[in-house]
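Please read the points alongside the sequence and the model.

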Amino acid sequence: NLQSGSRVELDRIGMLIFKMLPTSIAKATETLLKEHQLLLTERLVRHYFTLFRRGAIVASAQAQAEPEDLRDDIVPEARPSLSIVMITYNGEKYVRDNIDSILAQSCPADEFIIVDNHSTDRTRSMIESYGSSVQLIRNPRNYHYARAVNIGLAQATGDLIVVLNQDLVVDKYFVREIQLRYEACRDRENIAALVPQIRLNKLKGFINSIGNAIKQKGWGYDNYFGVVDVGQFSRLETVQSACFGAVVITRQGLDKVGLLDRSYVSYYEDMDWSFRARQAGMNLVVTDRAIVFHDFGGSYNPAARTRFVVKNRLRFVLKNFSGR
């Protein structure tokens, strides 16, 4: 991968095309037909080139010449007030990049709250160096994620409340795209949350999640993990659950659904809240152009994560369902 040096697994056709680079689409198609005896059309090969560019696997003069954002001059007209709530714990590796990306937004947030879970490294001093740009809440001990989110939600005043984990960097137009999407929604009273597109920070062309889901059997999982966005999500309206690593809770959603169930501590609290929202007849609306980049697996060590996931998967079922 051009941006991080991370490895990307390709299928046989993708690998054959990759080994031909630099080449043209027409030449690659001709070679695959003649030398490898693969019945491929130029259109299919073009799709591979598109995936390579969007996934930042290759670069091209055409891709580099494209404007950074075709909607750069668009600003929301009826701009709802927006608060950002970020949760931190021993996150000195992440917080500066996270805060800088939030303060560099094309449409600034009205309020920026950081809830720190009693960090013992340099996290707090790094946050304090930003002065009045950030409102810092210092928890007396590690309350973990769900309870810390509730503290931030109770403090936030915005019509829209963005909840962020610490190991994220937000795109320059993140806030603007949230406000544009909300502005375009008609049935706002029934919107519990807006669900952004979370991408992998080490593979910025690849999706980490657009919401999440849970099946009758198996674990909860991130929607579209490892997929490259080539515009196929523009018509995706809703998902069944929002990932609270990055989510936008509406004021009406908070009033109607309430706070997170802090007994989950971490993991599955987002599925529980989303389930309650849908039980209340509210929707979780996708805003795929609002993008954040996630250092996947950065906040918890694997052993702690496994304990929380196993426990909370069972808790989710026992709390919300009955019978077999």
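1. A contact here means heavy atoms within 4.5 Å. In this predicted model, residues 24 or more positions apart account for 75% of the contacts with a separation of 6 or more.

2. The protein contains 11 helices and 11 strands. Its radius of gyration is 21 Å, close to the 20 Å that the globule rule gives for 324 residues, so the protein is as compact as a globular protein of that length. The C-alpha trace spans about 65 × 50 × 45 Å along its principal axes.

3. Of the 324 residues, 49% are buried. The accessible surface amounts to about 16,600 Å², and carbon and sulfur atoms hold 50% of that area.

4. The protein carries 42 positive and 36 negative charges, whose mean positions lie 7 Å apart. Across the whole structure, 14 salt bridges are found.

5. One of these joins the side chains of E92 and R122, at 3.3 Å from N to O. The pair links distant parts of the chain, 30 residues apart: E92 is in the loop between β1 and α5, and R122 is in the loop between β2 and α6. E92 is partly exposed, with a relative accessible area of 32%.

6. D116 and R124 also form a salt bridge, with their closest N and O atoms 2.7 Å apart. Both D116 and R124 are buried.

7. A further salt bridge connects R289 and E177, the closest N and O atoms being 3.5 Å apart. It links strand β11, which holds R289, to helix α8, which holds E177, across 112 residues. R289 is partly exposed at 38% relative accessible area, whereas E177 is buried at 3%.

8. Finally, D261, D272, R276, R315 and K319 are linked in a network of salt bridges.

Terms used. Residues numbered from 1 in each chain as written. Predicted model: local features only at pLDDT ≥ 70, side-chain atom pairs only at ≥ 80, totals over all residues. Heavy atoms only, no water. Helix = DSSP H or I, 4+ residues; strand = E, 2+ residues; numbered from the N terminus. Rg over C-alpha atoms; globule rule 2.2 N^0.38 Å. Buried < 20%, exposed > 50% of the residue type's maximum accessible area, 1.4 Å probe, protein only. Areas by Shrake-Rupley, 256 points an atom, 1.4 Å probe, with all protein chains shown as cover. Lys, Arg positive; Asp, Glu negative; His and termini not counted. Charge placed at Lys NZ, Arg CZ, Asp CG, Glu CD. Salt bridge = Lys/Arg side-chain N within 4 Å of Asp/Glu carboxyl O.
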